Amino acid sequence: MDRKKFLSKAALGTLSAVAASSILKAETNDNLAFKQVGFNHLPNKEEKTMKTVLHKAETRGHANHGWLDSHHTFSFANYYNPERVQFGALRVLNDDVVAPARGFGTHPHDNMEIISIPLSGDLKHKDSMGNEAVIKEGDVQVMSAGTGIFHSEFNKNENKEVRFLQIWLFPRERNVEPRYDQISIRDVEKKNAFYQVLSPNKDDEGVWIHQDAWFHLGNFDIGVSDEYTIKKQGNGVYAFVLEGEAEINGQKLSKRDGLGVTEANKITFRATSDAKVLIMEVPMD
Amino acid sequence: MGYKVAVIAKTLSKLLVRLVNENKEFEAVGFTSVDEMDMKTIGDYDIALIAGGIENNDIKLIKGIILNNKLNTKLIEHYGGGSGLLLQELYDAINKK
């Protein structure tokens, strides 16, 4: 509200205090959200009331199928927790370990942005669009499932496991044309600073998806601090600790803990050991 | 008899029907478009599951028929393609009042 409208409403309120009591009540509550600054008593629009949600690693859903050992941060398959269905557009965060030479046979996907981030080992991918590829640590793979695709994912190696994150985001729009992409992030990797690996923009660093989301990775030495500034107002940030320990906005986090932050303009990060972290900024509507 | 599910999906209809029918609680029939389905029968289904390739106009059409005729059919939009979220979406639908 600008100063002119603010004063105007205050004057009207004085003249018709009884008749407009409900409006005044709303105004009063509205103003409580802001901190008074200076002598003009205008609200501080920069003031935000940050909210957080903490998901400790050991509270995740877990399924061990022998060939697949999977931890689910959000409800998935047989793990259902109505309190943990999604964080905005972030619907699935699976932490998968696949046994040597085993994998997911051909299966369908539709209307989902699917991001795979290998943590160790080699994952072989084949899909109905004719793509065949192997992704490994240092790569990021994205599939826009859109109107529908089929694909398979197998551990390429016969003597070691493959570990990877599979992340599903609801798309901005349904029924887009299916697409596949993968990149090496070795070229954009930085030490002791967050670097972008995913965005909504084709020409930006990293892979792109059909959603107003940005992912950043960070590989930090103990004691190093950094900040992440929200790129789109209203978006939330979900931080997931891949290795080590860290503090995000003062919250202590260990390996595979997740912290969701909403109604904030930025988050602060400090590595309390050597640490690797994934930051996922996603729409909350 | 299980909950009757109409699966309407351009590409994945057959596969989704198979996945839904793996669960004894559900009994699914597949259609690859709204045109392929006789809309007069939509009220025979407990759930209409809309998946990939079905346009927004067609979804609005189905919603309109359900609302205007005060049918008990639950309309849900499926995301993900069967693996992982399908059953959760179906259970959410039948648990909604």
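## T52 of chain A

T52(A) sits in strand β3 of chain A, which covers residues 51–55. The model is predicted. T52(A) has 18 C-beta neighbours inside 10 Å, so it counts as partly exposed. Burial would need 20 or more.

Which residues does T52(A) touch, leaving out those up to four places away in sequence? They are N249(A), Q251(A), L259(A), G260(A) and V261(A). T52(A) and I248(A) are 196 residues apart in sequence. In space, their C-alpha atoms are 10 Å apart.

## K231 of chain A

K231(A) lies in a loop of chain A. The loop runs between β18 (225–229) and β19 (236–243). K231(A) has 15 C-beta neighbours inside 10 Å, so it too counts as partly exposed.

Its contacts, with neighbours within four places in sequence left aside, are W214(A) and E281(A). N64(A) is 167 residues away from K231(A) along the chain. The C-alpha atoms of K231(A) and N64(A) are separated by 37 Å.

## Chain A overall

Chain A holds two helices and 24 strands. It has 285 residues, and buried ones make up 35% of them. Take the contacts in chain A with a separation of 6 or more. Of these, 69% join residues 24 or more positions apart.

Over residues 1–40 of chain A, the pLDDT is below 50. Beyond near neighbours in sequence, that stretch has 17 contacts in the model.

## The seven-stranded sheet of chain A

Seven strands of chain A build an open sheet. Their order is β4-β5-β6-β13-β8-β11-β14, and the pairing is antiparallel. β4 (61–64) and β14 (179–184) of chain A are the edge strands, and each pairs on one side only. From one strand to the next, the twist averages 15°.

One pair inside this sheet joins β6 (residues 90–98) and β13 (residues 162–169) of chain A. These two strands run in the antiparallel sense and share eight bridges. Which residue of β13(A) is the bridge partner of V97(A)? It is R163(A).

## Chain B overall

Chain B has three helices and four strands. Read from the N terminus, its elements follow the pattern β-α-β-β-α-β-α. Why does chain B count as compact? Its radius of gyration is 12 Å, close to the 13 Å that the globule rule gives for 97 residues, so chain B is as compact as a globular protein of that length.

The C-alpha trace of chain B spans about 30 × 30 × 20 Å along its principal axes. Buried residues make up 38% of the 97 residues in chain B. Among its contacts with a separation of 6 or more, 60% link residues 24 or more positions apart.

## The four-stranded sheet of chain B

The sheet in chain B is open and has four strands. They are ordered β2-β1-β3-β4, with parallel pairing. β2 (26–31) and β4 (74–77) of chain B stand at the edges. Each has a single partner strand, so one side of each is left without a neighbour in the sheet. Neighbouring strands are turned by 20° against each other on average, direction ignored.

β1 (residues 3–8) and β2 of chain B pair in the parallel sense over six bridges. Here A6(B) stands opposite V29(B) of β2(B). Helix α3 (residues 86–95) of chain B packs on the sheet. α3(B) touches β1, β2, β3 (47–50) and β4 of chain B. The direction of α3(B) makes about 150° with that of β4(B).

## Where the chains meet

How many residues of each chain take part in the contact between chain A and chain B? On chain A there are 18, and on chain B 15. Strand β7 (residues 103–109) of chain A gives the largest share of the chain A side, three residues. By class, the chain A side has nine nonpolar, eight polar and one charged residues.

Methods
Residues numbered from 1 in each chain as written. Chains lettered and ligands numbered in written order. Predicted model: local features only at pLDDT ≥ 70, side-chain atom pairs only at ≥ 80, totals over all residues. Pairing = 2+ DSSP bridges. Axes fitted to C-alpha atoms, helices over the stretch in contact; angles between N-to-C directions. Contact = placed C-beta atoms within 7 Å. Nonpolar A, V, L, I, M, F, W, Y, C, P; charged D, E, K, R; others polar. pLDDT = per-residue confidence, 0-100. Buried ≥ 20, exposed ≤ 12 C-beta atoms within 10 Å, placed from the backbone. Rg over C-alpha atoms; globule rule 2.2 N^0.38 Å.
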